[in-house]
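Subject: Structure for your review

Dear colleague,

Please find below the structure I am handing over to you, with its sequence. My notes on what was found in it follow directly after.

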Amino acid sequence: SKMGSIYLTGCTSLESFSLNDNSAKLLNVTDCSSLKRLTWSTSLESLIHDGADAIEYVDGGYVSDFNFSGKTSLKQINGLGASNFNVSDCTNLESMGHVYDVMALNVSGCSSLKTLDIDFINSSGETYNFDGCTGVETAYFNNMGAPCDFSPLENLKIIHFTDMCSKAVTAIDLGTNHELEEVKFDGYSSDVALNHIVLSNSIRI
């Protein structure tokens, strides 16, 4: 039968859970202390995971608030959609697939992360926090809608911007990203407000 809420609270022996029920809106895995793999293909309204501190792998559909801040067990996210995406201080997070529909992004302290692939919603209210992301070498940003401080990405080598059509972004400053080797724009809108780019060699284009 179809369920609106799924409670697995205290299932301490559960190691893997996969959800494919389109009617489920709430998933609660609180205190599932052995849970390592969590996957869902649906759109959730709420994901509760307090005490599920062994989760290593997440492959999701959509959830409005994805807050895994401080979950040091997390190693891989295969991709998901989230308006609020917070994996701050997930120091063992090594791989993060395509993350979409993002309004607020916090990957601060993810020192093991090598690649970012983020699809934003082109909103001037978007927020980004890359503090401590010293391992990131490649970044793909689509539909970025607000000004951004890229300076924490100090080892960034490749950055791609696609569908840049924001009215709020007038400049992109990569002047402190001294390891940059490639900057690329695709799908650049003719009426975009962006009028200059600063690179690490102080050349403005």
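The side chains of threonine 30 and asparagine 28 are joined by a polar contact of 2.6 Å. Please bear in mind that this is a predicted model, and that the contact is therefore a computed one, as a side-chain atom pair counts here only at pLDDT 80 or more.

Threonine 30 lies in the loop that runs between E3 and strand E4 (37–40). Is this residue, threonine 30, buried or exposed? Its relative accessible area is 13%, and because the cut-off for buried is under 20%, threonine 30 counts as buried. Beyond its neighbours within four places in sequence, threonine 30 is in contact with Leu8, Thr9 and Gly10, and also with Ile48, His49 and Asp50.

Three strands form an open sheet in the order E1-E3-E6, and their pairing is parallel. Strand E1 (5–7) and strand E6 (46–48) are at the edges; each has a single partner strand, so one side of each has no neighbour in the sheet. From one strand to the next, the twist averages 5°. Strand E3 (residues 26–28) is joined to E6 by three bridges, and the two run parallel. Within this pair, leucine 27 is placed opposite leucine 47 in E6.

Strand E4, at the other end of the loop that holds threonine 30, has pairings of its own. Four bridges connect strand E2 (residues 16–19) with E4, in a parallel arrangement. Three bridges connect E4 with strand E7 (residues 57–59), and these strands also run parallel.

How many cavities of 30 Å³ or more does the count give? The count comes to one cavity. The largest cavity holds about 30 Å³ of space. Its lining consists of Met144, Ala146, Pro147, Cys148, Phe150, Val169, Ala171 and Ile172.

With kind regards

Definitions and conventions:
Residues are numbered from 1 along each chain as its sequence is written. This is a predicted model: local features need pLDDT of at least 70, side-chain atom pairs count only at pLDDT 80 or more; totals for chains, interfaces and linings use all residues. Side-chain values use heavy atoms; hydrogens and water are left out. Two strands pair if DSSP finds at least two bridges between them. Axes are lines fitted to C-alpha atoms, for helices over the stretch in contact, and angles run from 0 to 180 degrees between N-to-C directions. Buried means under 20% relative accessible area, exposed over 50%, partly exposed in between (1.4 Å probe, protein chains only). A polar contact is a pair of N or O atoms within 3.5 Å; within protein, one must be able to donate a hydrogen and the other to accept it, and residues adjacent in sequence count only if both atoms are side-chain atoms. Contact means heavy atoms within 4.5 Å. On a 1 Å grid over the protein atoms alone, a cavity is a set of points where a 1.4 Å probe fits but cannot get out, and a pocket is an open set with protein on both sides within 12 Å along at least five of seven lines; lining residues have an atom within 4 Å of a point. Grid points are joined across faces, edges and corners, and a volume is the space filled by probe spheres set on the points.
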